[in-house]
Each structure stands twice: as C-alpha cells, then as structure tokens.
Amino acid sequence: IAKIGNDIITNFDLINEINTVLALSNRKAEKEKIVAYQQMAFSNLKQITIKKQAIESYKIDNLNEKDLVNYISTLEKNLGIQEYSLRDHFKNYGANYDLFIKNSKINLKWNTLVFLLYQKELDVDESLIKSDIDQEIKNNKEIIEYNLSEIVMIEPNEETFISVKNSIRDKGFENSAILLSESITSSKGGAIGWVSSSSISSNYLKEIKKLKINEVSEPINNNNNIVFLKLNDKRVLRNENIDLDRIKKNIINKKKQEKLNIFSNSHYLDLEKKTYIEIYE
C-alpha cells in the first residue's frame with residue numbers, strides 16, 4: 001500500500017498494526033472508527049520504518065534490555081493482564097507479538113541514536129541552576145514541586161488529536177502515553193516524575209497551576225508539538241526540608257530530557273522530509 005524509502009508497507013502490515021493498536025489500548029474495533037484506526041496505524045508504520053532506516057544507516061545495535069523488560073512489565077500492569085502474558089494478549093487480538101517486540105527495540109535504539117548524535121549539546125549551566133534555586137528560596141522561602149506525566153504529539157492532525165483526547169478519557173493517561181506519546185517517556189507511561197517549579201517553562205507552569213491532583217491539562221503548544229500534562233501530585237518544600245543537591249539534579253535531568261525530546265522530534269521530522277514516500281491508492 002506504500003513505499004517508504006526502500007521499504008514497502010503492505011495491507012498485512014496495516015491490519016497487524018491496527019490490531020496492535022487495539023491490543024495496546026485493550027479495546028475492540030468499532031466500525032465507525034476504522035478510518036481513524038487506519039490513519040493512526042499508517043502513521044505508526046511510517047515512523048517505525050523511518051527510524052529503522054536511520055538506526056541501520058548508523059549501525060546502531062545497542063539498547064538497554066532492562067528498559068525493554070520494564071516497558072513490557074509496565075504494559076502488562078497498565079493493561080491489567082498480569083495473570084497471563086502480553087504475548088497471549090496479542091494473540092487474542094490477532095496481533096504479531098514478535099513484530100511488536102522488534103519495533104519496540106527499534107524505538108529504544110532510536111533513543112540511543114539521538115543521544116549519540118546530540119550528547120554534546122545536552123550540557124546545562126549548573127551554576128545558573130543553583131543561582132535560580134537560591135533566588136527562589138530567598139524570594140519565597142519555599143519550593144513547589146510537581147509530579148508530572150506527559151503525552152507528546154509531533155505535529156498532530158485533527159484525527160490524532162481527537163484520538164488522544166478520547167483515549168485519555170476511555171483508557172486512562174498512562175495507557176494512552178504508552179500507545180500514543182512520541183516522547184522518550186512513553187515507555188514509562190509518560191511519567192516525568194518530580195519537577196521543581198523553577199525548572200518548568202512559563203507556558204507549562206501556567207497550565208499546571210490550573211490543575212487539581214490527577215487532572216489533565218488542555219493541550220499545550222510547544223514548537224511544532226502538542227503536549228498533554230497530568231498532575232499526579234504536588235508538594236511544598238520549606239527551607240528546612242529542601243535538599244538542594246537533589247533538586248538541582250532533578251532540574252538538570254529534566255532539562256536534558258527536554259532537550260533530548262526536542263532533538264528526537266526535530267531529527268525525525270528532518271528525516272521524514274528527506275524520505276521518499278509513495279502511497280498507492
């Protein structure tokens with residue numbers, strides 16, 4: 001049905017990817033949503049094909065097997081299938097489990113590639129971070145931290161945008177992040193963890209402050225991406241309870257992760273523009 005670079009996408013691939021999407025969202029197919037399923041499945045196939053070609057070009061073979069084990073474990077937990085295996089779950093949906101594992105490894109190798117390409121650009125000014133923290137404590141006598149999760153969509157169209165909102169409503173935020181998010185955090189159900197308010201950009205912080213615990217933000221524009229944020233928890237640290245080293249480390253990790261997400265998205269979009277794609281009607 002399509003050619004992407006030197007790889008072909010068949011009708012079998014599309015049907016299998018639709019079944020995979022349904023298995024990961026733990027729902028049965030609905031006839032009125034078949035077009036949305038097809039669009040989402042093709043988008044997934046296009047992305048994994050372009051990423052596969054990139055890691056083959058750079059001869060990337062390394063991945064963290066522990067990340068893959070944790071990813072599968074998180075999926076089984078979120079899908080509520082601890083009593084039997086994810087392989088059995090896929091079989092019930094007619095989805096190819098081995099191909100899913102192969103594609104999951106491609107995504108992990110892609111993360112390795114992005115890190116290798118951009119690691120020299122991940123440095124952050126630690127002295128400036130410490131200065132910002134000290135100033136915040138001086139001004140407010142406290143630091144507010146938010147426990148956040150995210151779903152990131154790269155240049156979503158109207159169909160994928162609606163699919164994300166419906167999935168969050170029907171299947172929960174964590175399952176939706178695993179299935180739909182295009183951030184490095186997707187394998188962890190979108191979990192970012194505890195983040196100091198001083199490390200959050202103003203447009204994000206504005207939306208986070210509107211949320212109650214377990215609420216999800218309205219979509220936030222960030223460059224060419226759309227981001228949904230979930231507030232899992234919130235805490236206020238007074239002077240006597242502030243661990244400056246831990247906070248600084250968390251901020252540094254968050255800023256590096258943000259940069260990695262930006263590099264990952266921009267590198268993919270650049271490759272997509274350069275890739276020959278032909279769709280057969």
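Trainee: Is Lys210 buried or exposed?

Mentor: Relative accessibility is 54% for Lys210, and the classes are buried (under 20% relative accessible area), exposed (over 50%) and partly exposed in between, with a 1.4 Å probe and protein chains only. This is a predicted model, in which local features need pLDDT of at least 70 and side-chain atom pairs count only at pLDDT 80 or more, while totals for chains, interfaces and linings use all residues. Residues are numbered from 1 along each chain as its sequence is written, and side-chain values use heavy atoms, leaving out hydrogens and water. At 54%, Lys210 therefore counts as exposed.

Trainee: Which residue forms a salt bridge with Lys210?

Mentor: A salt bridge requires a side-chain nitrogen of Lys or Arg within 4 Å of a carboxyl oxygen of Asp or Glu. For Lys210, the closest N and O atoms of the pair are 3.3 Å apart. The partner is buried, with a relative accessible area of 19%, and is Glu207.

Trainee: How many residues apart are Lys46 and Glu272?

Mentor: These two residues form a salt bridge whose closest N and O atoms lie 2.9 Å apart. The pair links distant parts of the chain, with Lys46 in helix H2 (residues 34-57) and Glu272 in helix H10 (residues 244-274), where helices are DSSP runs of H or I with at least four residues, strands are E runs of at least two, and both are numbered from the N terminus. The two are 226 residues apart.

Trainee: What is the bridge partner of Ala2 in E7?

Mentor: Strand E1 (residues 2-4) runs antiparallel to E7 and is joined to E7 by three bridges, two strands being paired if DSSP finds at least two bridges between them. Within E7, the partner of Ala2 is Ile279.
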